[in-house]
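Hi,

Here is the structure I promised to pass on to you. Have a look at it first, then read my notes below with the model open beside them.

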Amino acid sequence: MNHAPRLTPPPAGDPLRLTVLGSATPYPAADNPCSGYLVSAGGTHVWMDAGTGTLGPLQRYTGLAGLDAVWISHLHADHSADLLTAYYGLLFADVRRAAPLPLYGPPGIAGRLAGFLTHGAARSPVESAFAVHELSDGHRARVGALTLTSRAVAHGMPAFAVRVEAGGRTLVYSGDTAPCAALTDLAEGCDLLLCEAESARRPERDEDPHVHHTPEEAGTTAAAAGAARLVVTHVGRGLTPPEAVARASAHYAGPVAHADPGAVFTLG
């Protein structure tokens with residue numbers, strides 16, 4: 001079910017922007033949480049992936065009470081673990097909301113959260129904290145000033161990429177995925193592609209699972225989609241961010257940056 005738009009108009013001159021809360025994988029670095037981003041426009045704020053450690057820096061910009069929604073690409077811990085601590089904040093701390101926080105995520109997300117949070121005979125009231133909306137291929141939601149379109153991608157488990165649109169600008173986030181037509185189609189003509197570049201190299205054998213981009217593949221995806229800008233993220237421990245940027249740049253002629261924690265990318 002789509003989240004209804006706000007009734008009050010967004011502030012004028014508030015462009016679409018991406019704030020990096022963290023981009024490390026598969027566990028946080030001392031100065032970099034796992035995957036998590038704040039997407040904002042027109043007074044609307046969406047927490048996009050809630051990887052380990054991202055709830056802390058999120059509060060530099062907005063608290064749980066100020067969020068309009070959370071969007072989760074898939075249920076690996078480095079993209080979703082801070083939903084667990086957010087649950088406690090929403091129900092048992094100082095956060096006050098008029099209604100549960102809308103949560104968009106893969107099928108089964110409520111059950112996965114409840115499985116961890118339940119410690120007795122009664123199931124933990126996940127739905128009291130989160131208004132859960134399960135994603136599907138082509139799912140579309142309106143959240144305040146933002147329109148979110150999700151596509152299923154190739155990660156060996158239920159996983160999604162998202163296209164965020166506001167004020168005539170577009171941001172596409174790959175989530176975790178190998179190169180696939182769904183991501184390239186979703187990113188067509190976008191202003192910024194935030195693409196994972198976890199793998200230092202492709203699998204040696206074709207039959208081995210290929211569930212991430214290499215930096216070269218991130219550049220190729222951006223070029224094929226006609227993206228105006230590429231930001232590589234989720235760079236694996238076998239690479240440095242400068243290496244990932246350089247390798248992606250060899251396959252994409254546009255500007256390339258790394259998703260440094262705290263970086264802000266403004267579109268328009």
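This is a predicted model: local features need pLDDT of at least 70, side-chain atom pairs count only at pLDDT 80 or more; totals for chains, interfaces and linings use all residues.

Let's begin at a pocket. α2 (77-80), α3 and α4 each supply at least two residues of the lining of the second largest pocket. (Helices are DSSP runs of H or I with at least four residues, strands are DSSP runs of E with at least two, and both are numbered from the N terminus.) With four residues, α4 gives the most to this lining. The residues lining the second largest pocket are L75, A77, S80, A81, L83, L84, I109, R112, L113 and F116, and its volume is about 150 Å³. On a 1 Å grid over the protein atoms alone, a pocket is an open set of points where a 1.4 Å probe fits, with protein on both sides within 12 Å along at least five of seven lines, and lining residues have an atom within 4 Å of a point. The volume is the space filled by probe spheres set on the points, which are joined across faces, edges and corners.

Residues are numbered from 1 along each chain as its sequence is written, and side-chain values use heavy atoms, with hydrogens and water left out.

Now for helix α4 itself. In α4 (residues 109-117), the buried residues are I109, A110, L113, A114 and L117. Seen down the axis of α4, these buried residues fall within an arc of 130°, so they line one face of the helix. (The arc is that of the directions from the helix axis to the C-beta atoms; buried means under 20% relative accessible area, exposed over 50% and partly exposed in between, with a 1.4 Å probe and protein chains only.) R112, G115 and F116, on the other side of α4, are exposed. An α-helix has 3.6 residues a turn, so residues three or four places apart point the same way. The cover over the buried residues of α4 includes α3 (82-92), β5 (101-105), α5 (126-129) and β6 (130-134).

Next, the cores. Which residues touch the most other members of the largest nonpolar core? They are L16, L18, M48, W71, L146, L171 and L194, out of 30 residues in that core. Strand β9 (residues 160-166) provides the largest share of this core, four residues. A second, separate core has 27 residues, W47, L55, L58 and L83 among them. (A nonpolar core is a set of buried Ala, Val, Leu, Ile, Met, Phe, Trp, Tyr and Cys residues joined through side-chain atoms within 4.5 Å.) In soluble globular proteins, nonpolar side chains tend to be buried together.

Leaving aside neighbours within four places in sequence, L18 is in contact (heavy atoms within 4.5 Å) with residues including Y37, M48, L171, L194 and F265.

Then there is H212, in the loop between β11 and α7. Is H212 buried or exposed? H212 counts as buried because its relative accessibility is 12%. The side chain of H212 makes a polar contact with the side chain of E196 at 2.7 Å. (A polar contact is a pair of N or O atoms within 3.5 Å; within protein, one must be able to donate a hydrogen and the other to accept it, and residues adjacent in sequence count only if both atoms are side-chain atoms.) Not counting residues up to four places away in sequence, H212 also touches others, including H155, D176, E217 and H234.

H234 is found in the loop between β12 and α8. Its phi is near 55°, a positive value in a residue other than glycine, and H234 counts as buried at 2% relative accessibility.

D49 lies in β3 and has a positive phi of about 70° although it is not a glycine. D49 is buried, with a relative accessible area of 0%. T44 sits in β3 (residues 44-50), and the side chain of T44 reaches the backbone nitrogen of A145 at 2.9 Å.

One last thing to find: the peptide bond from T25 to P26 is cis, with omega near -5°. P26 is in the loop between β1 (16-22) and β2 (36-41).

Cheers
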